[in-house]
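Me: I'm new to this one and would like a close look at a single part: the place where the two chains meet. Could you walk me through it slowly?

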Amino acid sequence: MTPAERAHARQIALPPPGAPGETSPEDAPPFDAVAIPEAPAHKQPRKRRERRPLEKHWYECLLYPLRAWPLVIVLAGVLSALAWFVSFLLPEWFEQDGKTTGQVLLFALSCILPAVLFLGFLCGFLDCAFTSAVAGEGQQVYYPGRNLRLILRSCFNWVVCFLAGPAILFGAAFFYWLYGGDLDLLDWFIIAELVVLSFAYWLLTLVAANRRDRLLDATPEGIVTLLDHLGWRLLAVAVGAGALALVHGKLAILAMEELHRSSLQGGCWLFLSSVSGLFLATFLFRLLGIWCYRCHTWEQDSTT
Amino acid sequence: MLRRLLNALPSEAYLMNRRNRLWYLLVALVALAPLGMRVATWSKQRSQPLDATMAEAGEMLFKHEWLPNDPLCNGGDGLGPVYNASSCLACHHQGGVGGSGGLQDNVMTFTVQAQLNEKPREGVVHARAVQFQETLAQVHPELPNTPTLALNVLLTVPTNCDEPVRHRRMPPGVQVSQRNTPALFGAKLIDDISDRDILAHERSARLRWGMAPSDRDDLPVGRALRLADGRLGKFGWKGQSASLSDFVQAACANELGLGNPGHAQPAPLGKPDYQAPALDLTIEQCNQLTAFISSLPTPVERVPQDGLAEEQSTAGKKLFHGIGCADCHTPSLGSVEGIYSDLLLHRMGQDLEGGGSYNDGGSRPVTKQADPGPRDGPAPSEWRTPPLWGVADSAPYMHDGRAKTLEGAIKLHGGQGSRAATHFGALSGADQAELIAFLKTLRAP
């Protein structure tokens, strides 16, 4: 269940106002806390930790990835290993001649499937950072855990959001790089623009789709609606995020080149760029989630 | 959607007031400006149409036996003063007019790395002279007083040449090597391949091997050679010429001693201040020669009609792709089918190192660096992938003709070609025969 679904379910399960045991959404324990069995009566009750208030300023969202640092580090490590796999093992495997169907299946099961699951987990983690913020949950860091449905769904959502527009811009940038001949400064600028726009558009489609948990919102119309609600300043944030993604992409490519010369040095660069990229991505998704939450409550307040 | 967008702009978008909207518009225009500039300046390489009259005149020049003070030389000194042959046809004759040459037509080249108070030198030691005969001793006093050395003296490893290897250690900083005459068939098609196609192949190869840089010695990832004027090198063993016209002008000057507007004739090593009375060839004559070479037919793939032989060559073609030969000897490049080359420089290992250069005007000199940058000249071990079309009729093989047979040539591949060579060595005798049978279908026209 995604944090949005959890928030929705919690609203349904809420007792009528004034009923005994009623709790406000802010007071409701987070999902993971609910699953923890209560401490036996004979033990001293654990001192309740102070509630963490929801972020109010953008810079407070920087704490979220710091709170999730073990996960960020592990994910960055696996991402670097995946890049190493793509750099070294995948080309060798494709080069082998006369592969049998069994070998292809074995390869798909042993390498491709885990890679897809990992990428799904990564997408799921970023989705959780976003949707937990949309649901106004500030207490815990959420991640997909072993929820295979959530992992696959996140992976599917990200792919659909990419294909719903950013793929065209990204494809244009890729083919321009490939067939553009001797690229001068102007060409590199055009490629950079296309990549930045592609990432910015991808981010907007993801936010549009995840905000109301409706994949059908990942359309230009859905994005206009989103910009309507959150303000057109979001466009500048998305472009800034795209620029950061471009810088990290370039760093990762340089690191992959370095990997061929020195595994240790290239690996370190790859890991550092992965950590930095994941940190910023987590921060960004949290920020956008909080932005959605604040705009929603602001709209509710102005209606009442 | 558009209506919604238009409605949204003035009223609902509270963060986008009129002033902000202007800013957004301005930013969008600035972002679109580079794209507009590129569309306006986009250039497409166009193929030059063939002129039959020019080609006919060029054929006469190609076959002409040049003499000192030749009447066709417009007041220049004609052949020489130093030269390698007296006509183009003397070297380009195997498999027809414009073909490759044998070992006897090899050219000696040298590189002397920069010493204290001395600039680096490179060029050709010409085999013949009208006057001022060149010798290797003029390159370095420790070298013999002859214009050439036997190939087996230059080799460091045994090959399938007739003579056993008798390697002679070169003085420090001096590299001497030989160049075999390449075939000129299909040169027009190579000339028409755009730089974009070559670079696209370079990039896709890098991508395929996980963004591997071209300085990796074990992966078939080559690099395009950028000449001093920014164009890509497409002709010559080191990719030193960007166009057929440049290649022809450089060959006229270096091999025949015919100075022309594109390339001055070389001064003899023993007489560096030699001045020719005038240019030997006009630009018109150079263009006629280029037109003739452009008119040479393209090599063909002649698959035998006999059932068994056809089967063998088809299987060989599959093996050619399977063991990785096609990684560098790409069957098609751009719109040119059957070229079997990527026209990129590849590192071929220490045993195939060969310094020396024609020192053409626009080319970059051979660099002494082991890891040349993208704008540096070719390293001693870097060679442009030779097109394999017509390979059956262009023995001997490799840059200096050290391999008499195709099998020998494959086995001599080192560096970035070593993977394919190792795979070839691991094939059964029958499979090796199939691959060779396929290569033998690539005939001169």
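Reply: Here is a walk through the contact between the chains, with some background on either side of it.

Some housekeeping comes before the tour. This is a predicted model, in which local features need pLDDT of at least 70 and side-chain atom pairs count only at pLDDT 80 or more, while totals for chains, interfaces and linings use all residues. Residues are numbered from 1 along each chain as its sequence is written, chains are lettered from A and ligands numbered from 1 in the order in which they are written, and side-chain values use heavy atoms, with hydrogens and water left out.

Let's start with chain A. It has 11 helices and 0 strands; helices (H or I, at least four residues) and strands (E, at least two) are DSSP runs, numbered from the N terminus. Chain A has 304 residues, and 42% of them count as buried, where buried means under 20% relative accessible area, exposed over 50%, and partly exposed in between (1.4 Å probe, protein chains only). Take the contacts in chain A with a separation of 6 or more: 72% of them join residues 24 or more positions apart. Contact here means heavy atoms within 4.5 Å. Chain A exposes about 16700 Å², with carbon and sulfur atoms supplying 69% of that; these areas come from the Shrake-Rupley method with a 1.4 Å probe, and for residues only the protein chains shown count as cover.

Now for the meeting place itself. On the chain A side 40 residues are in contact with 41 residues of chain B. The size of an interface is often given as the accessible area lost when the parts come together. Here chain A and chain B bury about 3500 Å² between them, and 59% of it is on carbon and sulfur atoms; buried area is the accessible area (1.4 Å probe) that two parts lose on being put together, summed over both. In chain A, the residues that lose the most area to chain B are A:E95, A:W232 and A:H260, together 20% of what that side buries.

What about charges and polar atoms? Between the two chains the count is 6 salt bridges, a salt bridge being a side-chain nitrogen of Lys or Arg within 4 Å of a carboxyl oxygen of Asp or Glu. There are also 12 residue pairs in polar contact across the interface, both residues at pLDDT 80 or more. A polar contact is a pair of N or O atoms within 3.5 Å; within protein, one must be able to donate a hydrogen and the other to accept it, and residues adjacent in sequence count only if both atoms are side-chain atoms. On chain A, the side that touches chain B draws at least two residues from each of α4 (69–95), α7 (166–179), α8 (185–211), α9 (220–230) and α10. The largest share, 8 residues, comes from α10(A).

One involves helix α12 (residues 418–426) of chain B, where B:R419, B:A420, B:A421 and B:F424 are buried. The buried residues of α12(B) pack against α4 of chain A, together with α11 (406–411) and α13 (429–439) of chain B. B:R419 also takes part in a salt bridge, its side chain meeting that of A:E92 (3.1 Å, N to O).

The other spot is B:R206, in helix α7 (residues 195–208) of chain B. B:R206 counts as buried because its relative accessible area is 19%. Its side chain and that of A:E257 are joined by a polar contact of 2.4 Å. Leaving aside neighbours within four places in sequence, B:R206 touches A:E257 along with B:M211, B:A212, B:P213 and B:V221. B:V221 is 15 residues away along the chain, yet the two C-alpha atoms are separated by 6.0 Å.

For contrast, look at two other residues of chain B. B:D342 sits in the loop between β8 (336–337) and β9 (345–347) and is buried, at 1% relative accessible area. Its side chain makes a polar contact of 2.8 Å with the side chain of B:T385. B:H92 lies in the loop between α4 (88–91) and β2 (107–112) of chain B, and counts as buried at 14% relative accessibility. The side chain of B:H92 reaches the backbone oxygen of B:P182 at 3.0 Å.
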